[in-house]
Every structure is written in C-alpha cells, then in structure tokens.
Amino acid sequence: MEVTVRSVWAQNFKAESELLHQIAPRAKHVALNVQYPGCVFGHGNGRSHRDLTAEERYEVIRANVALLRPLQVGIAVCTNDGRRFAWEFNLRGFDVASHKHDARDPNSIAYLAGHGVDFSRLPRHGIDGFRLRWLLRDSGLIRARPSWATFTGAYHVAYFVTMMYGVKLPHSLNAFMEMARELIGRQLYDVKQLAREHDRSCVGALSNVVGKLAAVPPGERISKSNPAGTGSMMALLAFETLEKKLGADMEKYRHELCGLQVV
C-alpha cells in the first residue's frame with residue numbers, strides 16, 4: 001500500500017485546509033521538508049562548508065534564503081492515535097522562465113524537475129505564501145507543540161522561519177535559533193544527527209537512512225513523485241524509529257541542525 005502524499009495547489013487548498021484543521025490539534029510529531037532552487041552563494045574565502053564555523057555557515061544560509069524563493073513545503077504529521085498524513089504545498093512566486101528575476105542553481109532545477117516538481121504550474125496555480133502561513137498558524141499545528149523533525153535541516157528550518165514570520169532572517173545565528181524556538185518550540189530534531197548517533201554507518205541520503213533503519217512499515221511504500229511531501233514523510237518515519245531506539249538520549253540533540261551547528 002502506498003502512503004498518500006496530498007499535493008496541494010490553489011484549487012484544492014480550501015479542501016486540504018479543512019482536513020489539516022481537523023488533524024493539526026492532535027499532532028504528536030511533525031516533519032518538515034522545504035524544496036528550493038539550490039544555492040548560489042558560498043563563503044567568500046573559498047573554504048568548504050565543513051570547514052566553516054557555525055556563524056559562517058549561517059551567513060551563507062541567510063544570503064541564499066534572502067535571494068532564493070522556496071518552491072514547496074512538505075508537512076508530515078503523526079497524530080496522538082498513530083495516524084499519519086502528509087501534504088506537499090506548491091508555492092507561487094518562482095518562475096522558471098524568469099532567469100533575470102528568480103535566481104537558481106540550474107543543476108538543482110534539473111534535478112527537481114526530474115523528481116516531480118511541476119515548474120510550469122507554480123506561477124499560475126501555486127499557493128501564496130501568506131495563505132500557507134495563515135493556515136499553519138490558524139489550524140492549531142503550531143499551538144499543539146508537537147515534536148518537529150527534519151533531515152539536514154538548516155535550510156529547511158531557515159526557509160520555514162522566514163516564511164512563517166514574513167521577514168528576512170536576522171543577522172546573528174543566536175537570534176535565528178531563538179526565532180526557531182519561539183515558532184516551533186524546544187522539540188526540534190535533525191534526523192541525520194540522530195541517525196548518526198544511533199549507528200555510525202547510518203549515513204548518506206534520507207532514503208538510505210530510512211532503509212538502514214527499516215523505518216517504513218511492512219507492506220507500505222512511499223511515493224517518490226512528491227519531493228517535499230515524500231521527504232517530510234520519510235523524515236517522520238525515521239524520526240519515530242529513532243525516538244524508540246534512542247529514548248531520552250535524543251534530548252541532548254535538540255535544535256542541533258545539520259548544515260549549521262553540525263555537518
């Protein structure tokens with residue numbers, strides 16, 4: 001049986017909003033995945049991302065997020081009674097034909113187009129960011145204070161923070177992390193970090209980690225045609241598996257994002 005990822009555009013936004021309003025107050029775990037058109041800025045001194053300090057990595061992230069538009073937001077939810085739902089919200093704003101106004105990494109665009117992002121529909125049928133921001137706040141998802149998970153989460157959380165507040169990211173790393181705590185709460189975890197601590201061989205892409213953990217329930221499979229929605233559901237399943245394996249030990253990794261404080 002295939003786990004359904006609900007693809008959301010302007011025309012079905014109202015119907016999917018009604019469902020999320022029913023589910024959100026009972027959210028126990030939420031996983032986040034944001035798809036964006038790559039990165040165009042690196043650090044000016046030419047050092048690799050791994051060799052930078054956390055503050056220097058944040059400078060690079062902040063510069064890219066300020067210039068590049070998010071394309072999709074994936075939200076996967078597990079409720080208190082164990083039901084799982086996943087949405088992929090397709091955002092209006094980015095126009096692949098507008099090279100002058102919409103910055104991008106061409107390799108990232110090619111990759112995403114080959115993995116299900118419908119760039120031709122985004123400008124005409126995508127969702128305005130302020131509507132998604134209102135939905136996520138009004139639905140009770142934020143107020144439910146679930147545990148949040150992501151995978152290699154620095155950019156995912158950075159885009160989510162700027163989208164949910166409607167402002168540019170602050171200049172300092174500490175101010176950014178405080179905004180994330182105010183928005184999401186204290187229970188934010190990076191699955192990549194948790195997996196590595198559980199098993200040093202549990203590395204690589206999210207699909208590899210999910211396979212290594214055997215996180216997908218028997219008899220189920222996840223569609224690969226919805227990049228943000230699939231990514232959020234896989235992160236959710238991996239997080240739930242790691243929560244059982246690590247128990248209280250995972251608490252020390254709260255708000256440590258791969259790509260920012262750790263690499």
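**Entry 1: strand E4 and its partners**

I started with the pairing of strand E4 and strand E5 (residues 84-90), which run antiparallel and are joined by seven bridges. The model I am reading is a predicted one. Two residue pairs across this pairing went into my notes. Cysteine 78 stands opposite arginine 84 in E5, and valine 77 has phenylalanine 85 of E5 as its bridge partner.

I then looked at the connection. E4 and E5 make a hairpin, with four residues between them. Glycine 82, in the turn, has a positive phi of about 90°.

Next I looked at strand E3 (residues 27-35), which pairs with E4 over eight bridges, again in the antiparallel sense. Here I noted leucine 32, which stands opposite isoleucine 75 in E4.

Is E4 mostly covered or uncovered? I find E4 (residues 72-79) mostly covered, with eight of its eight residues buried. I recalled that side chains in a regular strand alternate between the two faces of the sheet.

**Entry 2**

I wrote down the strand order as E2-E5-E4-E3-E6-E7, an open sheet of six strands with mixed pairing. Which strands stand at the edges? They are E2 and strand E7 (188-190); each has a single partner strand, so one side of each is left without a neighbour in the sheet. With direction ignored, neighbouring strands of this sheet are turned against each other by 20° on average.

I also checked helix H8 (residues 191-198), which packs on the sheet and touches strand E6 (147-150) and E7. The direction of H8 makes about 60° with that of E7.

**Entry 3: cysteines**

I looked for disulfides and the structure holds zero. Cysteine 78 is in none, and the nearest cysteine sulfur, that of cysteine 202, is 20 Å away. Cysteine 202 is in no disulfide either; for this residue the nearest cysteine sulfur is that of cysteine 258, 12 Å away. The cut-off for a disulfide is 2.5 Å between sulfur atoms.

Cysteine 78 is buried at a relative accessible area of 6%, and cysteine 202 is buried at 3%.

**Entry 4: helix H1**

In helix H1 (residues 13-23) I listed Phe13, Glu16, Ser17, Leu19, Leu20 and Ile23 as buried. Seen down the axis of H1, the buried residues fall within an arc of 165°, so they line one face of the helix. What covers them includes strand E2 (6-8), E3, E4, E5 and helix H5 (129-138).

**Entry 5: nonpolar cores**

Which residues touch the most other members of the largest nonpolar core? I noted Phe89, Trp148 and Phe176, out of 53 residues in that core. H1, E3, helix H2 (54-67), E4, E5, H5, helix H6 (154-165) and helix H7 (173-184) each supply at least two residues. H6 gives the most, with nine.

Not counting residues up to four places away in sequence, phenylalanine 176 touches Tyr58, Val157, Ala158, Val161, Leu169, Pro170 and Leu260. Another core, of 30 residues, lies apart from the largest one and has among its members Leu213, Met234, Ala238 and Leu242.

**Entry 6: helix H9**

I turned to helix H9 (residues 206-213), where Leu206, Val209, Val210 and Leu213 are buried. The buried residues of H9 fall within an arc of 100° seen down the axis, so they line one face of the helix. They pack against H8 and helix H10 (227-246). Just after H9, I noted that alanine 214 takes a positive phi of about 50°.

**Entry 7: valine 40**

Last, I looked up valine 40, which lies in the loop between E3 and H2. Valine 40 is partly exposed, with a relative accessible area of 37%.

What is valine 40 in contact with, leaving aside its neighbours within four places in sequence? I listed Asn64, Leu67, Leu68, Arg104 and Asp105. I also noted the pair of valine 40 and alanine 103: 63 residues apart in sequence, and 7.7 Å apart in space, C-alpha to C-alpha.

Definitions and conventions. Residues are numbered from 1 along each chain as its sequence is written. This is a predicted model: local features need pLDDT of at least 70, side-chain atom pairs count only at pLDDT 80 or more; totals for chains, interfaces and linings use all residues. Side-chain values use heavy atoms; hydrogens and water are left out. Buried means under 20% relative accessible area, exposed over 50%, partly exposed in between (1.4 Å probe, protein chains only). Two strands pair if DSSP finds at least two bridges between them. The arc is that of the directions from the helix axis to the C-beta atoms. Contact means heavy atoms within 4.5 Å. A nonpolar core is a set of buried Ala, Val, Leu, Ile, Met, Phe, Trp, Tyr and Cys residues joined through side-chain atoms within 4.5 Å. Axes are lines fitted to C-alpha atoms, for helices over the stretch in contact, and angles run from 0 to 180 degrees between N-to-C directions.
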